[in-house]
Amino acid sequence: MSPAFTIQSAGLTKRFGSFIAVDAVSFSVEAGEVFGFLGANGAGKTTAIRMFCGLLEPTSGSGQVAGFDIMKESGRIRTRIGYMSQKFSLYPDLTVRDNLFLFGSIYGIKGELLRSRTDEMVAFLEMSNLLPRVTGTLPWGWQQRLSLACANLHHPPILFLDEPTGSVDPVSRQTFWNFILALSRQGTTIFITTHHMDEAEYCRRISIMVSGRIAAIDTPAQLKKKYAAATLQDAFIRIVQPAAEGTAP
Ligand SMILES: Nc1ncnc2c1ncn2[C@@H]1O[C@H](COP(=O)(O)OP(=O)(O)OP(=O)(O)O)[C@@H](O)[C@H]1O
Ligand SMILES: [Mg+2]
């Protein structure tokens with residue numbers, strides 16, 4: 001794998017019985033890139049991310065993350081990535097501070113380093129005053145900020161963010177993106193799914209998945225040009241609709 005690429009796949013495929021959720025997907029993501037992984041509901045985004053994170057075994061094809069094989073070296077991959085899953089994965093009964101400390105210890109961060117990373121993360125995400133609060137009682141946008149903080153505590157070089165801003169208010173979304181873009185400027189590779197086209201505009205490149213396949217991949221500006229669309233939303237619809245018409249999920 002070229003060192004310039006931190007995420008790569010060739011013919012990556014996942015079948016569930018006779019159903020093909022991810023169908024021979026091949027692409028590369030450069031180090032430090034903000035890469036938008038877009039597609040309609042059920043297109044196969046989460047399934048692909050779970051394979052890259054070593055949480056789901058591919059049926060066929062290959063992939064590398066941080067230079068490691070997703071089939072054979074998933075343990076090594078997990079120490080180099082942060083993963084914010086589409087489903088909320090923190091402990092709702094624990095306080096914000098306890099969730100951060102728990103995730104830190106899972107990633108092997110202890111003592112003073114854990115305290116300073118926690119302080120750094122909550123300050124950036126403007127939630128320092130929420131440390132004693134019980135997580136499950138927080139509004140959704142704040143729970144998602146906490147998930148992002150937990151995924152980034154160990155300063156992974158690659159962050160997989162699966163729909164982090166779903167049902168999140170505009171202010172929290174902006175805070176999220178300020179954080180994401182700052183991480184990218186520091187060299188972190190961001191692999192993110194979103195259904196918000198205004199957010200997709202922040203990505204250097206985006207791919208658009210249709211029924212398990214990558215239907216388009218390019219910069220937002222090039223995609224608009226290629227599909228003669230005034231907005232990314234229009235380009236997205238032009239790419240997704242012809243292929244999806246008449247097919248039920
Ligand atoms: N464990 C499973 N067994 C059977 N089918 C599955 C399984 N996991 C996912 N699927 C199917 O694979 C397809 C892709 O699902 P996936 O969750 O990857 O889509 P997605 O692009 O993440 O959608 P969304 O935008 O709604 O999150 C869907 O049709 C889904 O029902
Ligand atoms: Mg999904």
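Helices (H or I, at least four residues) and strands (E, at least two) are taken here as DSSP runs, numbered from the N terminus. With that in hand, welcome to a predicted model, in which local features need pLDDT of at least 70 and side-chain atom pairs count only at pLDDT 80 or more, while totals for chains, interfaces and linings use all residues. Residues are numbered from 1 along each chain as its sequence is written, chains are lettered from A and ligands numbered from 1 in the order in which they are written, and side-chain values use heavy atoms, with hydrogens and water left out.

**Strands**

A hairpin is formed by β1 and β2, with two residues between them. In its turn, glycine 17 has a positive phi of about 65 degrees. Two strands pair if DSSP finds at least two bridges between them. The pairings of β1 are set out below.

| Partner of β1 (residues 5-16) | Sense and bridges | Example of bridge partners |
|---|---|---|
| β2 (residues 19-30) | antiparallel, eight bridges | leucine 12 and valine 25 |
| β4 (residues 60-65) | antiparallel, five bridges | serine 9 and glycine 63 |

**Nonpolar cores**

A nonpolar core is a set of buried Ala, Val, Leu, Ile, Met, Phe, Trp, Tyr and Cys residues joined through side-chain atoms within 4.5 Å. Buried means under 20% relative accessible area, exposed over 50%, and partly exposed in between (1.4 Å probe, protein chains only). The largest core has 43 residues, and Leu100, Leu161, Ile190, Ile192, Ile206 and Ile208 touch the most other members. Leaving aside neighbours within four places in sequence, leucine 161 is in contact (heavy atoms within 4.5 Å) with Met84, Leu148, Ile180, Ile190, Phe191, Ile192 and Thr193.

Threonine 46 lies in helix α1 (residues 45-52) and glutamine 86 in the loop between β6 (81-84) and α3 (96-106), so the pair ties together parts that are 40 residues apart in sequence. Threonine 46 is partly exposed at 23% relative accessible area, and glutamine 86 is partly exposed at 37%.

**Cysteines**

Counting a disulfide as a pair of cysteine sulfur atoms within 2.5 Å, the model has zero. The sulfur of cysteine 53 is 16 Å from the closest cysteine sulfur, in cysteine 150, which is too far for a bond. Cysteine 53 is buried, with 1% relative accessible area, and cysteine 150 is buried at 1%.
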